[in-house]
Amino acid sequence: MTTKGEDCMKTKEALAQGTGSSVVVNSCQVCDSDKLESALFLGYLPPVNTMPEIGKRPKEEAGYPAEMLYCHNCTLAQLGLIVDPNILFPPEYPYSSGTTKILRENFKELYDECSQIVPLKSEHLVIDIGSNDGTLLGNFKNPGHRVHGIEPTLMARKAIDAGIPTDEAFFNTETAERVRKAVGKARIITATNVFAHIENIHSIVEGILELLDDDGVFISESHYLLGLIETLQYDTIYHEHLRYYSLSSITHLLNRHGLEVIHAKRIPTHGGSIRVYAARKGTHPVRPSVKEIQEQEANSGLGTKLLKDFKKRVVLSKLHLNSVLLDIKKQGHRIFGVGAPSRASTLINYVGLDDGILDCVVEVKTSHKVGKYMPGTMIPVRDEACLFEEQPEYALLLSWHIQDELIHNLTKKGFKGKYIVPLPEPRIVGSDGKTVSN
Ligand SMILES: [Zn+2]
């Protein structure tokens, strides 16, 4: 239901890097340029993990600016305020876990692709940073390669139980040195969905260099800025996501540390990500894919014009969604939201949804969010069983980026109503996945 595993897995790492207070961004976090343009401002949003219990009277609640800044020097998009991780990730915050089908398929595909690009022998070591429950490494371990995970959350123990050796630690240069002394340098280092969350990105790359064989390859996966703009995923803008990368900005970051991009590929995870292979300069041939994506980015007009157009489309989609909801509410129909990942909080607060519009948001029974209010609202989060028992006329898919998987599963479980897909263009979909109206 919630985009498990896609919903910030790297939270404790962020905490470890925390400064103890929020930091206003005045220069680019990758290239230090001060040529930053304010591309989009979604308002003052509540922290996504501040969810009061149902029945408690609302108290004052802080709002933090959700402003996207764009760097004209290296094309990185970044948040204008780095919120104190102690606020974003309160001690009682239970770290999310597990993986979606898309994520599992992606890791398998990563293994297949990686085996072709970087021939691996069984004695070669593969290290995954932010290794979660070991799903990614399992793909390398099964054919007999040495693997090692680094994961700060309790998920490390789940990985260990599954036979994946894992350090329960934050990733930084000290951890990198300790792991290198214990298991040696790695032929492959992977880091998926890590680059966006950690405040000091340069120290992460330094740690990777410490651990990487001289001819080793580093593979990162990050949410892709161009995909975000194309499919209007403004709802992935929230305080846990500090940066939104293009290939150009990742290249800029890696080049500063002596690494060269040797292959890049767009992949479907998180609604659109980019996988980037990098190695020490001159150690591996550079594939044509790098130039191809660089040219796509250059031709996309990434810069002021594209960002202005993006902002306009975001605003129109908000108004459009409101008009779709207006028609439904005029007819007296009920709407349940489905899924309460972090991105749902951005959409709900930016569009201005309240408990008069959405009766509730449903989550799987085991979710820690059940029994609480959505951030910044009095919309209750309930066990998803109520969706099938009460059969509201409409279900609003807040994890719309995995809509096919959701529609299939919810219909199979017995939901008979229609689905509202909120983005990029609001549309109403029947249980067969076909658009009814928009
Ligand atoms: Zn920059």
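## A buried aromatic pair

F415 and Y419 are both buried, meaning under 20% relative accessible area with a 1.4 Å probe and protein chains only; exposed means over 50%, and partly exposed lies in between. This is a predicted model: local features need pLDDT of at least 70, side-chain atom pairs count only at pLDDT 80 or more, and totals for chains, interfaces and linings use all residues. Residues are numbered from 1 along each chain as its sequence is written, and side-chain values use heavy atoms, with hydrogens and water left out.

Y419 is found in strand β18 (residues 418-421). Strands (E, at least two residues) and helices (H or I, at least four) are DSSP runs, numbered from the N terminus. Y419 counts as buried because its relative accessible area is 0%. Beyond its neighbours within four places in sequence, Y419 is in contact with A395, L397, I407, L410, T411, R427, I428, V429, G430 and S431. Contact means heavy atoms within 4.5 Å. Y419 and E393 are 26 residues apart in sequence, with their C-alpha atoms 8.7 Å apart in space.

## Other rings

The whole structure holds 6 aromatic pairs. Rings of Phe, Tyr and Trp (its six-membered ring) pair if their centres lie within 6.5 Å; planes under 30 degrees apart count as stacked, over 60 as edge-to-face and the rest as tilted. F195 and F218 form a tilted pair, 5.7 Å centre to centre with 40° between the planes. F195 lies in the loop between β9 (186-192) and α7 (201-211), and F218 in strand β10 (residues 212-223), so the pair ties together parts that are 23 residues apart in sequence. Both F195 and F218 are buried. The rings of F415 and Y419 have centres 5.3 Å apart and planes at 70°, so that pair is edge-to-face.

Ring pairs also link F195, F218 and Y245 into a cluster. Elsewhere, the charged end of K318 sits over the ring of Y350, 4.2 Å from its centre. That label requires NZ of Lys or CZ of Arg within 6 Å of the ring centre and within 35 degrees of the ring normal.

## The zinc site

Four cysteines coordinate the zinc ion: C28 (SG), C31 (SG), C71 (SG) and C74 (SG), at 2.3 Å. Donors are N, O and S atoms within 2.8 Å of the metal (3.2 Å for Na, K and Ca); water is not among the atoms, so sites may look incomplete. Along the chain, the donors follow the spacing C-x2-C-x39-C-x2-C. C28, in the loop between β1 (23-24) and β2 (36-45), and C71, in strand β3 (residues 64-71), are 43 residues apart and link distant parts of the chain.

The site is tetrahedral, with angles of 103 to 115° among its 4 donor atoms. C28 counts as buried because its relative accessibility is 2%. C71 counts as buried because its value is 0%.

## The four-strand sheet

An open sheet of 4 strands runs in the order β2-β3-β4-β11, with antiparallel pairing. β2 and β11 (243-244) stand at the edges with a single partner strand each, so one side of each is left without a neighbour in the sheet. Two strands pair if DSSP finds at least two bridges between them. β3 and strand β4 (residues 77-79) run antiparallel, joined by 3 bridges. M68 stands opposite L79 in β4.

E37 is found in strand β2. Not counting residues up to four places away in sequence, E37 touches M68, L69, Y70, H72 and T304. The C-alpha atoms of E37 and H72 are separated by 7.5 Å, although the residues are 35 apart along the chain.

Strand β13 (residues 273-280) is mostly covered, with 7 of its 8 residues buried. β13 pairs with β10 in the antiparallel sense over 7 bridges. There, H223 stands opposite S273 in β13. Strand β12 (residues 259-267) also pairs with β13 in the antiparallel sense, over 8 bridges. E260 has A279 in β13 as its bridge partner. β12 and β13 form a hairpin with 5 residues between them, and H270 in the turn has a positive phi of about 55°.

In helix α9 (residues 247-255), the buried residues are L247, S249, I250, T251, L253 and L254. Their cover includes α7, β10, β12, β13 and α10 (288-299).

Definitions and conventions: Tetrahedral: all angles 85-135°; square planar, octahedral: opposite > 155°, others 65-115°.
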